[in-house]
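Visitor: I would like to go through this model term by term. Please give me the value and the cut-off each time.

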Amino acid sequence: MSLKRIDLLICCGSGCISAGALKIKERFHAVLSEKGLTNEINIIETGCMGPCDYGPVMVIYPEGIFYKKVTPEDVDEIVAEHFVKGRPVQRLMLQDEDKTIAAHKEVPFYQKQVKVALANCGFIDPESLEEYIATGGYEALGTVLTQMTPQQAIDVVKESGLRGRGGAGFPTHMKWKMVHDRKEDQKYVICNGDEGDPGAFMDRSLLEGDPHRILEGMMLCAYSIGASQGFFYIRAEYPLAIKRIKQAIEQAREVGLMGKNIFGTDFCFEAEVRTGAGAFVCGEEMALIHSIEGERGNPTPKPPYPAVSGLWGKPTVVNNVETLANLPTIFVKGAKWFSTMGTETSKGTKVFALTGDIRNTGLVEVPMGTTLREMIFDVGGGMIGGNEFKAVQLGGPSGGCLTAEHLDVPVDYETLKARGAMMGSGGVIVMDDQKCMVNVAKFFMDFCVDESCGKCSPCRIGLKQMYNILDRITKGEGQEGDIEELQRLGETVAKISLCGLGQTAPNPVLSTIRYFRNEYEAHIKDKACHTKVCRDLFHFKIDKSRCIGCSLCSRKCPANCISGSREDKYTIGQVDCVKCGNCQDVCPVKAIDRIPGIHSDVTAHKEALLKRKARED
Amino acid sequence: MYREICSKYAPDKDNLICILHEIQNSHPQHYISEEAVQTVAEYLGVPANHIYGVLTFYTMYSTKPRGQNIIRLCESPPCYIKGSENILHKLMTLLDIEVGETTKDGCFTLELCACLGVCGNAPVMMINNDVYGDLTEEKVEEIIEKVRRG
Amino acid sequence: MKTLADLKKIREKAQEEMKLRGSSVRIKIVVGMGTSGIAMGAREVMKTFLEEISNRNLTDVIVTQTGEKGLSSLEPVVDLIEEDKPKVTYGNMTPDKVKKVVVEHIVNGRIVSDYVVATGN
Ligand SMILES: Cc1cc2nc3c(=O)[nH]c(=O)nc-3n(C[C@H](O)[C@H](O)[C@H](O)COP(=O)(O)O)c2cc1C
Ligand code: FES
């Protein structure tokens, strides 16, 4: 037994690593060995703890003290004060309305959360098989293999009500049953770790933070459907996730949890990792299967479904990472326990990724049916920078926007769908009142145009057309009838596209039209962007009563269009203004404002140009 | 050299993507040459045009030489909301290149990419295999300087 | 690993290693490690606790630390906290006294009243 008295858990999820967690870890090693404390303190690298916004974060046990935004310079102080003298460093703790929050458990971010899939993320060392086992890992597998038939296992999943977490919410047991019932000697299970939805990162965190859980989930599926081979398809953008899963497979093999006759039964299983190469559409299950086969990742029409003809033509189950992550706990704690959480049709918990203009960005796991308000304001800490909440985009580029009036809607598959949004993979992009919804819709459309594989024409051509219209609208060239044209195109593309990408890509546009039609109209009819985001639909104006005539703006103007004097103050020549915003940035007294709409000088100038051109022709 | 990389994998078509990754990563200019394609085609026993078909489908592969370091800035909505546009401008002025170009000294290539799955720390960029989050213009300057020094 | 029993063995051992994070703790030993405590030898006291506990394989006991308690004249000060019992504070601790406290109090459940400087909260 060791003499360790402190467990130092440093979050080494990608978020915290990008904020410098590895440097901090190195510094701890250096300082601890300098002070001769290495054998008293365990340094453990964990997966994502969730509150990425506070990164790098760490939790120190046994007290469970939570530190945020730690820098390498803080390390000396933590060691000298906290580790040696037992005085936790107040300054690094979370402040909540004048109150310092020391304990990890008391951090408001964790209060409403119920961790099932994420239970071990940020708590165990993901590179240690033993720590996973210590939390009850592989017990589900051992029990199922030795005490249940595949059909019984499928029944447990059925009773739990688990539905796919990868987007569509298809009941997991049904997929399994279909493959189970097929009489073929070779079947496959694939873990879909392609996670391409902008704003989603729970699958990465799970793969990085608790790889054995996903592996165990995969084996539970494999046994139930009669597969002896599994593949992890992980996008190449996630090098750490790839490394951790490969390592987990090796570790499992070493102790006989993988390979032949697992737990002394007839069940044999092997798993391998395959990577993507930067194509969003490969998250679609048929495209993914083609990609594993070494082909272009094009979707193909369904049916046949993968359950009938999947990888190399064999029956295949494709399950999302988070879906698999729920399985070990369902088998250990029971289907009943799982199904008591959630709503009528959506059981259990769901991991959401909070991003955008929200105070606590990061991962949260809450029971299905939690309202958006609880998620955004109670867990997420509300809006950042004192702005008002305006909209939330749920389900990434295939989902839709909801508004303040939907804040009390319980989040589950059906409720969201009815309101034009989607659960999707669980991305929650929160936007404040400074965002232009037309511009946001254009951005999502841009993403889908880029990622369309081009195989079917409605998606390839239709989305591009929609993008062009949106682009025109944001440039002040919108026309009467554009909104209707967008709706018409959107509905057609959704109806006749080959795969889910095209079928759902119009959602952001359609839902923003539904809830923010007035913004579209202002852009088209008044040529005004009231949030002052679209460059062509606002102008800069110097307020003479505030201007001190310092001439700084005039000197910094690249177009040389600001003139004036100390006495007369300064004015902007609207016709030549390129809207770079330099003047606004440099003005020492903030006398320059953005005014929605096109300036009358510019409109007049344009008309004059047109007239002259007409005359010349 | 390409032959050596190939031989680490079984000669099955489903290893193609992994082989291409390794070839590209091991080339100092991060690209897949015609010679490499030929070698892989022979090794796997598939026509070269199949390999080109795959190469061009996936955005991460390049058939043109690139810089020693590949900068991939995320342009997806969550990063956009948090100001990735300013970061892009900063990178372009700092490196004096446009998107898709390589600096004169061959040190950096600037690319845009879809969500890197680190949106909690937006805006985000990846340089080679390292992720940098919570970017500000000042931070970008520091990072570039550090990578340049090696 | 071939059976659930094998798995259980690994689990028990691993849980042992992780007990600092767990809740299956019977007694918590809190050593005052402020500047004065350290000056009076609190580090040695802490080390002795860790060694004794490890030697005796006491898996449900953890050692942690805290800052100054304001009892400077009694340093090193140690709290023993047991669930549902009043806290016991020992003062003027030395490695030898620690050994006695481990045997008497922690193993046999008899408070060593000679060293006690305070009880309750
Ligand atoms: C364009 C597109 C992208 C998708 N991307 C993903 C993805 O990144 N991860 C994922 O698990 N499922 C994704 N899906 C859904 C998969 O096709 C499939 O439904 C899912 O992996 C099934 O797993 P589940 O039943 O466990 O949810 C995507 C679907 C489409 C149409
Ligand atoms: S949107 Fe940029 S990392 Fe996800």
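Predicted model: local features only at pLDDT ≥ 70, side-chain atom pairs only at ≥ 80, totals over all residues.

Visitor: What makes the contact between α17(A) and α21(A)?
Guide: Contact means heavy atoms within 4.5 Å. From α17(A) come Met437(A), Val438(A), Ala441(A), Phe444(A) and Met445(A). The α21(A) side includes Pro508(A), Val509(A), Phe516(A) and Tyr520(A). By class, the contact has nine nonpolar, two polar and one charged residues.

Visitor: How do you know that the span of α6(B) is close to the expected one?
Guide: Helix α6(B), residues 84–95, has 12 residues. At 1.5 Å a residue, 16 Å is expected. From first C-alpha to last, α6(B) reaches 16 Å. Just after α6(B), Asp96(B) takes a positive phi of about 60 degrees.

Visitor: What makes a residue of α6(B) buried, and which ones are?
Guide: The cut-off is under 20% relative accessible area. The buried residues include Ile87(B), Leu88(B), Lys90(B) and Leu91(B). Among the elements that the buried residues pack against are β1, β2 and α7 of chain B.

Visitor: How do you know which chains share the most contacts?
Guide: Two pairs of chains are in contact, and chains A and B share the most. No contact joins chain B and chain C. Their closest C-alpha atoms lie 27 Å apart.

Conventions. Residues numbered from 1 in each chain as written. Chains lettered and ligands numbered in written order. Heavy atoms only, no water. Helix = DSSP H or I, 4+ residues; strand = E, 2+ residues; numbered from the N terminus. Nonpolar A, V, L, I, M, F, W, Y, C, P; charged D, E, K, R; others polar. Expected span 1.5 Å × (residues − 1). Buried < 20%, exposed > 50% of the residue type's maximum accessible area, 1.4 Å probe, protein only.
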